[in-house]
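Hi everyone, thanks for coming. Let me put the structure up, and then we'll walk through a few spots together.

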Amino acid sequence: MKAVAIKTFGGPEGLSVVELPAPEPGSGQVRIAVEAIGVGGVDALIRSGSLSAWGFREGLVPGSEVAGTVVAVGPDTDRTWIGQRVWAFTGLGGGYAEQATAAVEDVVPLPPGLSAAGSVTLGSSGVVAHFGLAHAHFRPGESVLVRGAAGSIGILTVHLAAQGGASAVAVTTSSAERGELLRKVGATHVLDRSGRATHAPDRSGGARSTTSGAGAAPSAYDVIIDVVAGPDVPSFLGMLRPNGRLVAVGAITGPPPAELGTALMANFRKSLSFATFSADTVPPADRRTVRAEQFAAAADGQLPIVIHEQLPLDDAVLAHRKLQAGEVLGRIVLVP
Ligand SMILES: NC(=O)c1ccc[n+]([C@@H]2O[C@H](COP(=O)([O-])OP(=O)(O)OC[C@H]3O[C@@H](n4cnc5c(N)ncnc54)[C@H](OP(=O)(O)O)[C@@H]3O)[C@@H](O)[C@H]2O)c1
């Protein structure tokens, strides 16, 4: 079968199309004929080599999120899976391929009305959005800032916060044009990446930045869901209200600086909290339940599906170039 492997860590050109034997499903696993592959920000981190300390090696087939039809099951595995159209988490890799295996606890049937491509924009990100907000103890009426909102995790977090009764949902993004999409899914305020200036549509059709005007953004937030992390986390901590909670669900620009602890203690009298959140800590049964609910909602048009572009699997290098260039709004999908 055709697959894409990381030949050498570094830039997108380190990805290469290879021929491999189809993977054999083990006990409790299924094999899927893949129709759609979600390209996540984490795939780019793995490809770059920056996660090699976590055991990722050159030669790996990246990709952890696929959808398609189950064509085989492993020993001692329920054969009724065969023929079902499913979404699946493939683990730490194996997704950029014509066929992939997954444990049945990480496989969710697709409802009628949800495409394979649509499901790979939601399957991983929706769970992070849902449980990330829960980890932040988000309650209706609270104000929420989503940092790095234009990715698939951010878009769904914005939507769920708005649906969950947030009093305001502000987002950071690089342009007013991206802000328009984010307003459609529930953002009430669109800020630049610093979180300080508002991207507002210009009446002449262009974009301008302003810090004031009608509908000025809240001066502080109860909850910040942060997909970006990196050196600016202390500055965003300063935007929390008393008892505010900042939850890092991603680290696109790396870990927060060592001064994070100093920034927290400097705000001691505001009782602020900083936390990380990984969906790995959610029990598999809970992840499955939420995924199935979100898939049903998406099939009914109640959850946004934002597919930036669908590209052939052969174009994995191009997909990663687009990711690296910051062009991707929502999810880029590879099609074998
Ligand atoms: N918690 C979990 O269980 C879990 C699970 C899967 C993945 N993740 C993590 O989630 C992250 C990827 O999430 P994603 O796929 O939704 O994101 P993404 O699509 O890679 O990026 C989200 C947005 O962040 C903004 N951004 C990019 N570079 C930036 C920079 N240098 N400074 C500020 N903003 C920047 C961009 O929007 P603008 O250009 O509009 O600003 C981009 O669209 C990774 O860190 C991954 O490890 C976490």
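Let's start with R287, which lies in helix α8, residues 284-299; helices here are DSSP runs of H or I with at least four residues, numbered from the N terminus. A quick word on the model: it is predicted, with local features needing pLDDT of at least 70 and side-chain atom pairs counting only at pLDDT 80 or more, while totals for chains, interfaces and linings use all residues. Residues are numbered from 1 along each chain as its sequence is written.

Is R287 buried or exposed? R287 is buried, with 22 other C-beta atoms within 10 Å; the cut-off for buried is 20 or more, exposed is 12 or fewer, and partly exposed is in between, with C-beta atoms placed from the backbone. Leaving aside residues up to four places away in sequence, R287 touches V127, A279 and V282, where contact means C-beta atoms, placed from the backbone, within 7 Å.

Now over to α1 and helix α9, residues 316-324: their axes come within 10 Å and cross at roughly 105 degrees. Axes are lines fitted to C-alpha atoms over the stretch in contact, and angles run from 0 to 180 degrees between N-to-C directions. The two helices, α1 and α9, are therefore roughly perpendicular, a label for 65 to 115 degrees. On the α1 side, G41, A44 and R47 meet H320, L323 and Q324 of α9.

Finally, the ligand. Of the 29 residues around it, G41, G148, G151, S174 and G250 come nearest; being around it means a C-beta atom, placed from the backbone, within 6 Å.

Key:
Parallel < 35°, antiparallel > 145°, perpendicular 65-115°, else oblique. Contact = placed C-beta atoms within 7 Å.
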